[in-house]
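Subject: Structure handover

Hi,

Here is the structure I promised to pass on. Please open it before you read further, and keep it on screen as you go.

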Amino acid sequence: MKKILLVVFIIAASLLLLSACSEDMPSSVESGYSVSGIVLSDDEPLEGVAVWSGGEIVATTDANGVYSATGLEKYSSVSFKLEGYTFSPASYTVTGDANDYNVQATVASPPSEDDPSDPDGPDDPDVPDIPDLPEEPDEPDPPEPDPLTAPAEFFAAYAADGSRVIGFDADPHTEEISVSVEKDGHILSAKAALDDGILDFGETTVNFDVTETEECFEIVFCADGLAALLGGRFSITVTVSAENMLSAESGSFSCDLAVAPPRISTPVLENGILSWTATALPDGCVFAVLANGVKVAETSASSIALADTDLPVPEGASLSIAALVDGIPVAFSDLLDL
């Protein structure tokens, strides 16, 4: 009986031991999984990237950046390596097949030049960056100077005292005038600032007056000396100039001051009638009545009622009469102050 119990006990113990051993033995690891995809760097395929798993290279990317690793164990790690690059994601844990596991590669930052093996002595201080010098601004192109307006509105006439005068309008910015007089190839020239009031032609001098208006300079000079020197007939050209402005030259104006001078007497005002007398006027003359230099009437007669003028005559005005041929003055009277 004891022998039977001993045998039963040994069998039972053996079964218990076998059962315990069975619980401690691990089950076999699942394998045979695959991982594939593309490795890109700046959206371009990256060739030669090693795919590691289980401590060995299981695949390498081709020219298209494509890799394919097979026979991988479940829960194993897959990583990517190529000198000079870092990868994102850095690794992948196998949990099943992954056929589109794409990876981005980034060029790694260069290693620090500091040598950790040489702890002696402090590091050299960083040299501050030298700021770039500001670029010299380009010199702006100088502005184009404005042009002056060429002289115009020339006239040659006789004053009330019989003297010969030449006048013209000049640009209001004029600072200096140059006058050239020519007859039969003989040329006389003179230059003067407006403030000078005199032109020196060498063979004769000419005085001139300047009246400034809102629109121009009115310049009148006595031409008796030029008329006597050149026989009364000549042409004149005037150039105006000013600092920082372009000069301008008039056209040639022909003067004929050789005939007997036409004369207009000083006007007389009686009973509202303004009258005057004229002598030696050329044919076709008309008379302009001027009040303070402004034309208020034009007539072919030698008198006019002030009440009939085209424009009213201001009180206290200075009146004068001008003889015109085709709108150009040929003679002037003296002034009559009301």
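Which strands each supply at least two residues of the lining of the second largest pocket? They are β11, β21 (253-256) and β30. Keep in mind that this is a predicted model.

**The second largest pocket**

Let's stay with this pocket for a moment. Its volume is about 240 Å³. The lining has 15 residues. Ala156, Asp256, Leu257, Pro329 and Val330 lie nearest the centre. β21 gives the most to this lining, with 4 residues. By class, the second largest pocket is lined by 13 nonpolar residues, 1 polar and 1 charged.

**The largest pocket**

Now turn to the largest pocket. Its volume is about 1,300 Å³. Here 39 residues form the lining. Look for Phe155, Glu218, Val220, Leu290 and Phe332, which lie nearest the centre of the largest pocket. Several strands each supply at least two lining residues, including β11 (152-158), β12 (164-170), β16 (205-212) and β17 (217-222). The largest share comes from β17, with 5 residues. The lining of the largest pocket divides into 20 nonpolar, 10 polar and 9 charged residues.

Next, find the open sheet of 3 strands. Its order is β23-β24-β28, and the pairing is antiparallel. β23 (268-270) and β28 (303-305) stand at the edges. Each has a single partner strand, so one side of each is left without a neighbour in the sheet. From one strand to the next, the twist averages 20 degrees. What holds such strands side by side? Strands of a sheet pair through backbone hydrogen bonds, either parallel or antiparallel. In this sheet, β24 (residues 273-275) and β28 pair in the antiparallel sense over 3 bridges.

Last, go to Pro147, in strand β10 (residues 146-147). Is Pro147 buried or exposed? With a relative accessible area of 55%, Pro147 is exposed, because the cut-off for exposed is over 50%. Pro147 also touches Met245 and Leu246, leaving aside residues up to four places away in sequence. Pro147 and Leu246 are 99 residues apart along the chain. Their C-alpha atoms are separated by 4.3 Å.

Best wishes

How values were computed:
Residues numbered from 1 in each chain as written. Predicted model: local features only at pLDDT ≥ 70, side-chain atom pairs only at ≥ 80, totals over all residues. Heavy atoms only, no water. Pairing = 2+ DSSP bridges. Axes fitted to C-alpha atoms, helices over the stretch in contact; angles between N-to-C directions. Buried < 20%, exposed > 50% of the residue type's maximum accessible area, 1.4 Å probe, protein only. Contact = heavy atoms within 4.5 Å. 1 Å grid on protein atoms, 1.4 Å probe; cavity = no way out; pocket = protein on both sides within 12 Å on 5 of 7 lines; lining within 4 Å. Points joined across faces, edges and corners; volume = space filled by probe spheres on them. Nonpolar A, V, L, I, M, F, W, Y, C, P; charged D, E, K, R; others polar.
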